[in-house]
Amino acid sequence: MTFPRTRRAALAALLAATAVLPGLALAQEGRPLTIVVGSPAGGTTDTLARIIGRMMSESLGRPVVVENRAGAGGNIAAAYVAKAPPDGSTLLMSFTGHTINATLYKNLGFDPVKDFTPITMVARVPSVLIARKGVPFNDLAGLIAFAKKNPGKLNFAIGAQGSSLHLASEQFKMMTGTDIVNVPYKGTNPALADVLAGTVDLMFASAVNVLPHAKGGAIQLLGVSTREPLAQFPGVPPIGRTVKGFESQAWFGLFGPARMPQDVTDKLYAAVKAAIDSPAYQERMQTEAATAVHMTPPQFGQFVAQDVQDWAKIIKASGATVD
């Protein structure tokens, strides 16, 4: 069938207009959805993005790919997604650094609250304080005593500046009165690799990343960041038993660019919630010492805004900064 030129022009205009209708992009079968991650492959954020992405692909009926844009504590990935079209095809899997960086960095180039559409939190993950094999101490008390006698002699591998793991190290130094040098990396995996190789002394690492190495003898497990012991790390005491009041956990969550249509947000939230509620995801999180969590988009938005304020107090008190 052919149309007169004027009718063809009108039809083309109609198709162009409907192409940007809310929700249409999300409904297009076969169009890939990209989850951008601000860390190299293999880190906790990347692992969660790939698990959630596979489940979302099944429920949405479209490919989901994970794209790693590592660097600047997750800010490179966040800035990229903040500028993406708000059609639901480009999302950000971020972590606690998203709210920490609002204060830690002087010039982000984006607003962690205003420039994103919150979808939901997906997990909370505790950390483990580990040490390279052969350090001259066997427990937390020994570490603190050695660090006080030898200021500046020990170092912390920092998997991502601005992450909760970075702030856990700052909190630990502040609460113990120790001088331990930070060694920044572009992600958890290269930082952990150097601890395993004996190049760096200490690291606060995600429980998800530590578990595969917990029984190998290549590292020492000094303490967990939770109030109570973790079943996945038998015999490893909470840090708070030695450093009174110490506690730290990271959160991970999914965002879209700002001004994403409500129906697109709702459909994405439903797909992620179904993944989080699935027995397979719940079992995977429990196995890795993580907690599966979900929040509605409004709840997650409120949480993020409050978390920015809460971390601002801690960062200002610690004096931590990234130029």
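## Cavity linings

In the lining of the largest cavity, seven residues are nonpolar, ten are polar and none is charged. This description, like the rest of the report, concerns a predicted model. The largest cavity holds about 190 Å³ of space. Its lining consists of 17 residues, and those nearest the cavity centre are Thr45, Phe95, Leu165, Thr188 and Phe252. Two or more lining residues come from each of α3 (44-60), β4 (116-132), α7 (164-176) and β9.

The count of cavities of 30 Å³ or more is two. The second largest cavity has a volume of about 50 Å³. Around the second largest cavity are Gly73, Gly74, Asn75, Ala78, Ser94, Phe95, Gly97, His98, Asn101 and Phe110. By class, three of these lining residues are nonpolar and seven are polar, with no charged residue. At least two residues of this lining are supplied by each of α4 (75-82), β3 (90-95) and α5 (97-104). The largest share, three residues, belongs to α5. Phe95 is named among the residues nearest the centre of the largest cavity and also lines the second largest cavity.

## The largest pocket

Which elements each supply at least two residues of the pocket lining? They are β9 (249-257) and α12 (297-318). The greatest contribution is that of α12, with five residues. Strand β9 also gives two or more residues to the lining of the largest cavity.

## Overall architecture

The protein chain comprises twelve helices and ten strands. Its radius of gyration is 22 Å, close to the 20 Å that the globule rule gives for 323 residues, so the chain is as compact as a globular protein of that length. Along the principal axes, the C-alpha atoms fill a box of roughly 85 × 40 × 35 Å.

Of the 323 residues, 51% count as buried. Among contacts with a separation of 6 or more, 78% are between residues 24 or more positions apart. The chain exposes about 14,500 Å², and carbon and sulfur atoms supply 54% of that area.

## Residues with positive phi

Ala72 has a positive phi of about 55 degrees, although it is not a glycine. This residue is located in the loop between β2 (64-68) and α4. Is Ala72 buried, partly exposed or exposed? With a relative accessible area of 38%, Ala72 is partly exposed.

Arg259, likewise not a glycine, has a positive phi of about 65 degrees. Its place is in the loop between β9 and α10 (262-277). The relative accessibility of Arg259 is 72%, so this residue counts as exposed, the cut-off for that class being over 50%.

Methods:
Residues are numbered from 1 along each chain as its sequence is written. This is a predicted model: local features need pLDDT of at least 70, side-chain atom pairs count only at pLDDT 80 or more; totals for chains, interfaces and linings use all residues. Side-chain values use heavy atoms; hydrogens and water are left out. Helices (H or I, at least four residues) and strands (E, at least two) are DSSP runs, numbered from the N terminus. The radius of gyration is taken over C-alpha atoms; the globule rule is 2.2 Å times the number of residues to the power 0.38. Buried means under 20% relative accessible area, exposed over 50%, partly exposed in between (1.4 Å probe, protein chains only). Contact means heavy atoms within 4.5 Å. Accessible areas come from the Shrake-Rupley method with a 1.4 Å probe; for residues, only the protein chains shown count as cover. On a 1 Å grid over the protein atoms alone, a cavity is a set of points where a 1.4 Å probe fits but cannot get out, and a pocket is an open set with protein on both sides within 12 Å along at least five of seven lines; lining residues have an atom within 4 Å of a point. Grid points are joined across faces, edges and corners, and a volume is the space filled by probe spheres set on the points. Ala, Val, Leu, Ile, Met, Phe, Trp, Tyr, Cys and Pro count as nonpolar, Asp, Glu, Lys and Arg as charged, and the others, Gly among them, as polar.
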